[in-house]
Amino acid sequence: MPTPAASYRFPRLVVAAAALAIALTACGGTATTPDRATPGAAAVPDRVEPLAPAPQPALPVTVSSVDGARVTVTSADRVVPLSGSLNEIVHTLGLGRQVVARDITATFEQAAQLPVVTRGHDVSAESVLSLRPTLVLAETTSGPGEAIQQIRDAGIPVLVIAPAKGLDDVPKRIEAVAAALGVKEAGTQLNQRTADRIATVRKDIPAASGKKPRVAFLYLRGTASVYLLGGSDSGAASLLEAAGAVDTGKDSGLGKDFTPITSEALAAAAPDAILVMSKGLESVGGVDGLVKIPGVAQTPAGMDRRVLTVDDGVLLNYGPRTDQVLSSLVTQLYNKGA
């Protein structure tokens, strides 16, 4: 699942189809390796690296939720993050033992066995409440609103956090989660570690000696016939630009998050490479299936079969593993180590 921050803005029927495909695919296996995958396609390990030693929460604390509520947290003993990205942050802060549930997109090793209470932003209030949480972490994409209100009406603190759209959101989200858990110092430490690692990756990007590589981000769910081209609000532009590339959707003036793929749009984008999520590529039958999507084979990327893949669970998370995502993109873009 993309956890794309923008996925909630898809047309309603597309969301329903994508959610069904995600539910069917997000739990299983690794993506089929494309026949000509670029190096680094599997460079992001599906586990997080918690801070050590684990911090001790200093509670109670009162924090501001982006929906305007003031939230008082008295215990971090039973935490329910309603997105894979938020779950990743809590685990990486060193408080994974306190997490009692997950969204279906939280597939990393430390969370994989937790009970699923959300699927593609579709929250089951009853499932959440059955776990007796002391804190629920949500995003503005979490819903329906009635479910979030039902949890609040039961007396459970619910902190809503803005979704991630780019690299600038990484420290904000870590800081917000750490503050709610009463571990602000750990949040500062994790932010510094994350920033240092991202900076290290960026130092390794080859200096531009001509035209920057053009990359199109495609969101694919072949089992649901969902084929979308990312625009300026897809969430991928910040990563691609940090990797020294041009996001063709943004560069072509696609102002929305995602637009149905057309031959005309792909021709205008003229990507040198195509970025997809691993399960999305698998859902269309690998690279062979991808180039059969109308217009793909006629692009420079399609003719060269140049495809970049990153695991669904981390690509657009903009969290503590963003450096690994960026490193994978850099490796694949510039064939480092080939």
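1. Helices α2 and α5 cross in a right-handed manner (the near helix is turned clockwise from the far one by less than a right angle). The model is a predicted one, in which local features need pLDDT of at least 70 and side-chain atom pairs count only at pLDDT 80 or more, whereas totals for chains, interfaces and linings use all residues. Residues are numbered from 1 along each chain as its sequence is written, and side-chain values use heavy atoms, with hydrogens and water left out.

2. Helix α2 spans residues 84-95 and helix α5 residues 169-181; their axes lie 10 Å apart, at an angle of about 60° (axes are lines fitted to C-alpha atoms over the stretch in contact, and angles run from 0 to 180 degrees between N-to-C directions).

3. On the α2 side, the contact (heavy atoms within 4.5 Å) involves Ser85, Leu86, Ile89, Val90, Leu93 and Leu95, which meet Arg173, Ile174, Val177, Ala178 and Leu181 of α5. By class, these are nine nonpolar residues, one polar and one charged (Ala, Val, Leu, Ile, Met, Phe, Trp, Tyr, Cys and Pro are nonpolar; Asp, Glu, Lys and Arg are charged; the others, Gly among them, are polar).

4. Helix α5 also packs on α6 (residues 184-203), with axes that come within 8 Å and cross at roughly 160°. This angle makes α5 roughly antiparallel to α6. The crossing of α5 and α6 is right-handed.

5. From α5, the residues touching α6 are Val170, Pro171, Ile174, Glu175, Ala178 and Ala179; from α6, they are Lys184, Gly187, Leu190, Asn191 and Thr194. Six of the residues in this contact of α5 with α6 are nonpolar, three polar and two charged.

6. How many residues of α2 are buried? Twelve of the twelve are, so α2 is largely enclosed by the rest of the structure (buried means under 20% relative accessible area, with a 1.4 Å probe and protein chains only). Among them are Glu88 and His91. Their cover includes the strands β3 (79-81), β4 (102-103), β7 (135-139) and β8 (158-161), together with α5 and α6.

7. For the protein as a whole, 57% of the 338 residues count as buried. It has 13 helices and 14 strands (DSSP runs of H or I with at least four residues, and of E with at least two). Of the contacts with a separation of 6 or more, 69% join residues 24 or more positions apart.

Methods:
Angles under 35 degrees count as roughly parallel, over 145 as roughly antiparallel, 65 to 115 as roughly perpendicular and the rest as oblique. Buried means under 20% relative accessible area, exposed over 50%, partly exposed in between (1.4 Å probe, protein chains only).
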